Amino acid sequence: MKFIIAGLLCWTNLLVFAQNDNRTIASPDSHAPIGVMGDHLHKKGEIMFSYRYMIMSMDGNLSGSDEISAETIVTTVPNMFAGNSNMPPTLRVVPLKMTMNMHMFGAMYAPADWITLMAMGMYTRNDMELSTYQGGSGTTVLGMFQTETKGIGDIKLGALIKLIKTEKSAMHLNFGISLPVGSITQSGEILTPMNMRPTVRVPYPMQLGSGSLDLLPGITYSGSQGKLGWGGQLTGTLRTADNGEGYKFGNQLNATGWASHRMAKWLSASVRSMFSSIGKIKNMDDEIMLPVQTAHPTFQGGQKLDLALGINMIGQTGFIANQRVAAEFALLIYQNLNGPQMKVVSTWTVGWQYAF
C-alpha cells in the first residue's frame, strides 16, 4: 500500500508542474471512477489501454447481517457432509481472514462512433487464513493454516453500443461474455480436525474462474454540468450452464451510481455507492467435501452495499498527456449473506488509462 500512495503522490507532482501543450487534453472526470468498467464509448478509430490493481480484504464472519464468532460456527452450524467418512456433525474449520489481489488488463477499440469493443484479462491471487478445531465437537483450537491460489482468471469480451449522445449526457448498452479460462480445480494443503494435512481441492471462493460461459448484459448513463458529473450503471452476470465440475455459480446483479467534482483541469474527486446481489451456487463439486463453510454451496452469495471515495488525475503535457491515473477506496456499509460467510471490510482499486 505504501508503494501505491507513493506512486500517486509522484504522479500528482508531475501534473502540478506540467504546462499545457497544443494537444487536446481530456477532462479528468470524462470517465467514471476507476472501479467502474465499460462506462464510456470512444470516437471512431480511438484505442485505449488500461490496467487496474484491486485489493479486497475480508476479516471475520457474518451470518445474514449479524457477526458470528468462530466458536459459534463450530458448535452450531451443521455440516452438510456429516455421515461421510470422518466427517463431524458441525463445521470444524473456520476462515478468519482473506485477501484477494487482482491485476486487470484492458483494451478498447472503436471501429465506429456508435460502438466500442473491449476485452479484459486478469491475474488473481487469493490468500486465506483458517483455524481448525479439534475432533468432532468442542471449541479447542487444533491449529492454524493458510491456503493460496493464483493464476489467470476468466477473460471478458464485450461491446458498448450507443443509445443517446448529447453534449451533456450519454447512454449506452453493455453486452459481453466471460470465457471460462480460469481454473476451477485448484488444490492446496489443509489441516483437518483429525490433525492430518492432505492436499485437496480448495473450496469455491478460492477458485480462479467460474468454469462456465457467462453473459454480461448492462446499461450505463452519464451526465455533466459545469464542474459536476454524475452517472449510473446496472449490470448482470448470467450463468448459462453447469461447468465441467457439475455446478454453477449464482447469477449476479450490480447497481452503482456516482457523482464527481472537477477541482482543476487535471484533477477530480468522486463519491460512489455500489450494490450487488449474488445467488447461491447450484449443485456442487463432488471433489469439494470439507467441514468448512466455504465448501457449502448454500453458504454462498447475498447482498452487499459499499460506499467509495475516488480521485482522478490526467496528464497535461509531454509523455503523460492524456494518461489518467485514478484510485478508489470502498468501505462496507451493509452486508446480508446466505449463511456464515467472510465479511468484506474494504476494497482498494488503483488504475491507469491511456487513450489515443
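## Aromatic rings

Ring pairs tie Phe49, Trp352, Tyr354 and Phe356 together in a cluster. The model that shows this is predicted. Across the whole structure, a search turns up seven aromatic pairs.

Two further pairs can be looked at one by one. Take tyrosine 247 and phenylalanine 249. Their rings sit 5.6 Å apart, centre to centre, with 75° between the planes. Planes over 60 degrees apart count as edge-to-face, so the pair of tyrosine 247 and phenylalanine 249 is edge-to-face. Are these two residues, tyrosine 247 and phenylalanine 249, buried or exposed? Both tyrosine 247 and phenylalanine 249 are buried.

Now take phenylalanine 329 and tryptophan 348. The ring centres of phenylalanine 329 and tryptophan 348 are 5.0 Å apart. Their planes meet at 40°, so this pair is tilted. Stacked would need planes under 30 degrees apart, and edge-to-face would need over 60. Phenylalanine 329 has a relative accessible area of 28%, so this residue is partly exposed. Tryptophan 348 is at 25% relative accessibility and is also partly exposed. Buried would mean under 20%.

## Paired strands

Strand β6 covers residues 155-165, and strand β7 covers residues 169-179. The two pair in the antiparallel sense, over ten bridges. How many residues make up the hairpin that joins β6 to β7? The link has three residues.

## Histidine 42

Where does histidine 42 lie? Its place is the loop between α1 (2-17) and β1 (47-64). Histidine 42 has 4% relative accessibility, so this residue counts as buried.

One is with the side chain of histidine 40, at 3.0 Å. Another is with the side chain of glutamate 46, at 2.5 Å.

Which residues does histidine 42 contact, leaving aside neighbours within four places in sequence? They are Met48, Met108, Ala110, Ala112, Asp113, Thr116 and Ala355.

Methods. Residues numbered from 1 in each chain as written. Predicted model: local features only at pLDDT ≥ 70, side-chain atom pairs only at ≥ 80, totals over all residues. Heavy atoms only, no water. Phe/Tyr/Trp six-rings, centres within 6.5 Å; stacked < 30°, edge-to-face > 60°. Buried < 20%, exposed > 50% of the residue type's maximum accessible area, 1.4 Å probe, protein only. Pairing = 2+ DSSP bridges. Helix = DSSP H or I, 4+ residues; strand = E, 2+ residues; numbered from the N terminus. Polar contact = N/O pair within 3.5 Å; in protein donor to acceptor, adjacent residues only side chain to side chain. Contact = heavy atoms within 4.5 Å.
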